[in-house]
Amino acid sequence: MSLEGFEVAVVGAGPAGSAAALTLAREGVQVLLVERGTFPGSKNVFGGRIYSYALKRLLGERWKDAPVERFVRKEGITFMTADSSFSVEYESKDPTGSFTSIRSKFDKWLAEEAEKAGASLITDSRVDDLVLERGIVKGIIAGPDKIPTDVVIACDGTTTNLARKAGLASMLEPREVSIGMKDVIELPADKMEERLGLEPEEGAAHVFVGECSGGLRGGGFLYTNKDSLALGMVVGADDISTKKVPSHTLMDRLRNHRKVRRLIRGGKTIEYDAHMIPEAGPKMLTRPYTGGMLVAGDAAGHLLNNGYTFRGVDMAIVSGIAAAQTILEARKRKDYSAQSLQTYARRLREEPALKDMYTFSKVPRYLRNNRLYNVYPELVCNAAEAIYRVDGNRKRKIYKELRTQTKGKVSTISLIRDLLAGARTF
Ligand SMILES: Cc1cc2nc3c(=O)[nH]c(=O)nc-3n(C[C@H](O)[C@H](O)[C@H](O)COP(=O)(O)OP(=O)(O)OC[C@H]3O[C@@H](n4cnc5c(N)ncnc54)[C@H](O)[C@@H]3O)c2cc1C
């Protein structure tokens, strides 16, 4: 393939990159989509759930061709101590709002959609640098190839080398990222459905808080694929390094907890992956654009993890679309200067799905409260034990029982403060 004559280079064929390339190619723009993996998705890790609205926005009714494993009918959260657990479940009336998928299939499919729209994809090709002329980005350098383009979209994920090369980001601090780790455990569909109380082809998404993270900031997750479970943990990188907890011990805690053990029993682990997750939000970059370049997806911190929903892929798709739309506008003006591309920042702020990041912008700070991981899950479980246990001793009223459980564990002032802060944050 000739590497001449491209107007836009999109770096990274994850959800952000493919969405951007597709949106541009559909409008007749000459787009080159460059991926370092042997195929799109070959290197990508995630938990397992994608919110459908973003794909509908990108593809209309064709979103239904996506490689869906299961539509998520059941949501659940479990608070756990070493030997007890308290779970809450919700069954959605419309499971099509989100689905589980496997990234090696999903990213490949989405990149193929971009190709069908006219984008040119090259794989196994790592972009090492930017072509810079007087501070303006004028193309990319991939191995021996210097590829001139009018504009570049960096969709190269959390550790984004390109945003740093363009002077938009500094080195990531441990407190700005989490470490995500995941097992894929093969399990026959009927067993999985029986254990999780699902109808055939329905899926579940479940989070775990407490014992599994060993007091560290974070929690566990479980998603159902067609005939496998994705079981994993997301934990603050700074907490892991300062408390010197080996990450594999956290996965062991989760796998061996009685609540999880019986769900995965007899399953065969066929994959283990780990990856970084941006937690600092959009302020991870000084700004998401510069002369000749835009940044989208994880690379721009477009991700929202508020403890009960984890949204990276939908945010990546939406920001990829926004980047492409910004370029389509700038193309009419034939002006890719920083001044022309600054409309991208406005687009991002006005995009309803991305606004959620600002609505919940205080969540990361709230979730830094260690009591959420090493005090409250235990309180919830102990209170449930006290309420449900009937052993012939005189029972106290529930309110009194709850007061007794908090004694010595958390002061009333801290409890009220945490509740109020939670109410304000969420
Ligand atoms: C354990 C874990 C669980 C998660 N669970 C969920 C979940 O359930 N739901 C959800 O929505 N999100 C989840 N996420 C987050 C989600 O995976 C990301 O937010 C999403 O993948 C971001 O998409 P992206 O396109 O911005 O970046 P990525 O998916 O990271 O894609 C970046 C692409 O760029 C390529 N690349 C990087 N550098 C270069 C280079 N120099 N040259 C060429 N190519 C390059 C990479 O190979 C990759 O294909 C999870 C993440 C982790 C780690």
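From which domains does the shell around the ligand draw at least three residues each? Domain 1 (8-67 + 102-169 + 285-350) and domain 2 (175-278) each supply at least three residues of that shell; the domain bounds come from an automatic or database domain assignment. This is a predicted model, in which local features need pLDDT of at least 70 and side-chain atom pairs count only at pLDDT 80 or more, while totals for chains, interfaces and linings use all residues. Residues are numbered from 1 along each chain as its sequence is written.

**The chain as a whole**

- The chain has 17 helices and 20 strands; helices (H or I, at least four residues) and strands (E, at least two) are DSSP runs, numbered from the N terminus.
- A compact globule of 426 residues would have a radius of gyration near 22 Å, and the chain agrees with this at 23 Å. The radius is taken over C-alpha atoms, and the globule rule is 2.2 Å times the number of residues to the power 0.38.
- The C-alpha trace spans about 80 × 45 × 40 Å along its principal axes.
- Of the 426 residues, 46% are buried. A residue is buried if 20 or more other C-beta atoms lie within 10 Å of its own, exposed if 12 or fewer, and partly exposed in between, with C-beta atoms placed from the backbone.
- Among contacts with a separation of 6 or more, 72% join residues 24 or more positions apart; a contact means that the C-beta atoms, placed from the backbone, lie within 7 Å.
- The domain assignment also gives domain 3 (366-425), and the C-alpha centres of domain 1 and domain 3 lie 45 Å apart.

**Around the ligand**

- There are 42 residues around the ligand, and Gly12, Gly14, Gly180, Gly297 and Gly312 come nearest. A residue is near a molecule if its C-beta atom, placed from the backbone, lies within 6 Å of it.
- The shell divides into 18 nonpolar, 14 polar and ten charged residues. Ala, Val, Leu, Ile, Met, Phe, Trp, Tyr, Cys and Pro count as nonpolar, Asp, Glu, Lys and Arg as charged, and the others, Gly among them, as polar.
- Elements that each supply at least two shell residues include helix H1 (15-26), strand S12 (177-186) and helix H9 (313-333).

**A six-stranded sheet**

- Six strands form an open sheet in the order S7-S2-S1-S11-S18-S17, with mixed pairing; two strands pair if DSSP finds at least two bridges between them.
- Strand S7 (120-122) and strand S17 (289-290) are at the edges with a single partner strand each, so one side of each has no neighbour in the sheet.
- S17 pairs with strand S18 (residues 293-295) in the antiparallel sense over two bridges, and Tyr289 stands opposite Leu294 in S18.

**Single residues**

- Tyr366 lies in helix H13 (residues 363-366) and counts as partly exposed, with 17 C-beta neighbours inside 10 Å. Beyond its neighbours within four places in sequence, Tyr366 is in contact with Ala421, Gly422 and Thr425.
- Ser52 belongs to helix H2 (residues 52-59) and is partly exposed, with 19 C-beta neighbours inside 10 Å. Not counting residues up to four places away in sequence, Ser52 touches Trp63, Thr96, Gly97, Ser98 and Phe99.
- Glu201 has a positive phi near 75° and sits in the loop between helix H5 (189-196) and strand S13 (202-210).
- Lys244 has a positive phi near 50°; Lys244 counts as exposed because it has 6 C-beta neighbours inside 10 Å.

Terms used. Two residues are in contact if their C-beta atoms, placed from the backbone, lie within 7 Å.
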